[in-house]
Amino acid sequence: MAQVPGSPEDTGRQTSLPWTPGEGGENALEALQALEAYKKKDPSKVVVRFKAVGNAPIMKTNFYKITAANRFQAVIQFLRKELGWKAGDPLFTYINLAFSPAPDDTVSNLYKSFATEGHLIVNYSTTAAWG
């Protein structure tokens, strides 16, 4: 099939890439190093303090060290396990009595933003306490 000059299939135009395959230079090396650093899990731990709100049962141990790279969903699952609650039982969690974090937030980000006296304070309740 013949191609019309100027058509989208015209191979006369050269597409220039910022790099060519097999030739990466420093930018590709930096990108690979950044990717490897991103893939590594952060081994550091964060101290999480659980506080009951309302009629929620009080835990015997309030302080736990949780891996910073975990998502907040892991904290919710851990709390359910410690309280002996099933997946269908109502559980509402809040940070510093203020807001309910998204389950996909990382513990590290929450700690960096909302830590109080070196702890991430997680309040929990059986009923909705705050918006």
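Guide: Two strands count as paired if DSSP finds at least two bridges between them. Helices (H or I, at least four residues) and strands (E, at least two) are DSSP runs, numbered from the N terminus. The model is predicted: local features need pLDDT of at least 70, side-chain atom pairs count only at pLDDT 80 or more, and totals for chains, interfaces and linings use all residues. Residues are numbered from 1 along each chain as its sequence is written, and side-chain values use heavy atoms, without hydrogens and water.

Visitor: In what order do the elements of the protein chain run?

Guide: The chain has three helices and four strands. From the N terminus on, they run α-β-β-α-β-α-β.

Visitor: Which strands stand at the edges of the sheet?

Guide: The sheet is open, with mixed pairing, and its four strands lie in the order E2-E1-E4-E3. An edge strand has a single partner, so one side of it is left without a neighbour in the sheet. That describes E2 (63–67) and E3 (92–95).

Visitor: What is the average twist from one strand to the next?

Guide: Angles here run from 0 to 180 degrees between N-to-C directions, with axes as lines fitted to C-alpha atoms (for helices, over the stretch in contact). From strand to strand, the twist averages 35 degrees.

Visitor: Which residue is the bridge partner of phenylalanine 92?

Guide: E3 pairs with E4 (residues 120–125) in the antiparallel sense, over four bridges. The partner of phenylalanine 92 lies in E4. It is serine 125.

Visitor: Is serine 125 buried or exposed?

Guide: Buried means under 20% relative accessible area, exposed over 50%, and partly exposed in between (1.4 Å probe, protein chains only). Serine 125 has 2% relative accessibility, so this residue counts as buried.

Visitor: Which residue's backbone oxygen does the side chain of serine 125 reach?

Guide: Serine 125 has contacts (heavy atoms within 4.5 Å) beyond four places in sequence with Val53, Ala56, Pro90, Leu91 and Phe92. Its side chain also reaches a backbone oxygen at 2.8 Å. That oxygen belongs to threonine 127.

Visitor: Within what arc do the buried residues of H3 fall?

Guide: The buried residues of H3 are Val107, Ser108 and Leu110. They line one face of the helix, because seen down its axis they fall within an arc of 165 degrees.

Visitor: Which exposed residues does the face of H3 turned away from its buried side carry?

Guide: The buried residues of H3 pack against E1, E2, helix H2 (72–83) and E4. The face turned away from them carries Lys112 and Ser113.

Visitor: What percentage of the 131 residues is buried?

Guide: Of the contacts with a separation of 6 or more, 60% join residues 24 or more positions apart. Buried residues make up 25%.

Methods: The arc is that of the directions from the helix axis to the C-beta atoms. A polar contact is a pair of N or O atoms within 3.5 Å; within protein, one must be able to donate a hydrogen and the other to accept it, and residues adjacent in sequence count only if both atoms are side-chain atoms.
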